Structure formats: structure tokens, C-alpha cells
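Work through the exercises below with the sequence and the model at hand. Each task is followed by a stepwise solution.

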Amino acid sequence: MTKVRDLMTSMPQTIGFDISVEKAQTMMKEYACHHLPVLDGGKLVGVLSDRDLSMARHGSANIKNEQLVMDLMTDTPIVIDPSAEISTAIQTMLNNKINSLIVRSEGGQPWGILTSTDLLRYVMDKA
């Protein structure tokens, strides 16, 4: 059976919690990614998604240049073990209505990320 480690992106781009939202948007465009694990001193403290940015842009509180990643990030990222079955990852994403999971590592550092795009590629390769 396929495991999370087989499909995840190892060592994803990360961003600091005290970096500007503007910089986060630039990074997402530059690296063509939709999720950035958020770190504080090397420790995982959240995840910022393009959906977080979109909701802020279209919500009542428009993104301001001085806003920081910590203002918009999800501060309780869902973490999964690299040995978990893909079906478990899919069910976790569906249950939580999210599009990414941080893959567990030692010491709280993000070891990888599994996204809905990774899962869709897997399904297409099997079709």
C-alpha cells in the first residue's frame, strides 16, 4: 500500500511567522506552491495557505502591507506520520476540509508536506 512518504514533498519551502504577508504571496508565486509551513525559530507553529490569503483579500479585513504571516496562518496545522497510508491522509483532509498535511519529523521541524495536488497526481498516474 502507498504511504505518505511516497507522495509527499520533502523539505518544502517554509516561512517565518513574523514575515510580511506580501513576502508570503511573493514566495508562493516564486515557488509555485499553495502552502507554506510557518516556523518560529525552526519550530513548526502554523501553516499559511493560498486559501488563507484569498479569504483575507475577499473578507472584511483586506490584506494590509504591514500584516504578518502570524495574522493569517492556521496555528494548528494537522500533522501526519510519513508511514501513514494514503487513504488515512485523504480521510484526514476530507474530515478537516483542508488541502495539505504537514508530514511529521523529529524535533517539530517540518519534514515534508502532502497536498491535495500530490494526491490528485497519484490518482491520475493510477488511471
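**Exercise 1. Describe the order and pairing of the strands in the open sheet.**

Step 1. The open sheet has four strands in the order S1-S7-S6-S5, with mixed pairing; strands are DSSP runs of E of at least two residues, numbered from the N terminus, and two of them pair if DSSP finds at least two bridges between them.
Step 2. S1 (9–10) and S5 (79–80) are the edge strands, each with a single partner, so one side of each has no neighbour in the sheet.
Step 3. S6 (residues 100–103) and S7 (residues 112–115) run antiparallel and are joined by four bridges. Ile102 is placed opposite Ile113 in S7.

The model is predicted: local features need pLDDT of at least 70 and side-chain atom pairs pLDDT 80 or more, while totals for chains, interfaces and linings use all residues. Residues are numbered from 1 along each chain as its sequence is written, and side-chain values use heavy atoms, without hydrogens and water.

**Exercise 2. Locate the salt bridges found in a search of the whole structure.**

Step 1. The search gives three salt bridges, defined as a side-chain nitrogen of Lys or Arg within 4 Å of a carboxyl oxygen of Asp or Glu.
Step 2. Glu85 and Lys3 pair at 2.6 Å, N to O. Glu85 is in the loop between S5 and H5 and Lys3 in the segment before helix H1 (4–7), so the contact ties parts 82 residues apart in sequence.
Step 3. Asp81 pairs with Arg104 at 2.7 Å, N to O. Asp81 is in the loop between S5 and H5 and Arg104 in the loop between S6 and S7, so parts 23 residues apart in sequence are tied together.
Step 4. In the salt bridge of Arg121 with Asp118, the closest N and O atoms are 3.8 Å apart.
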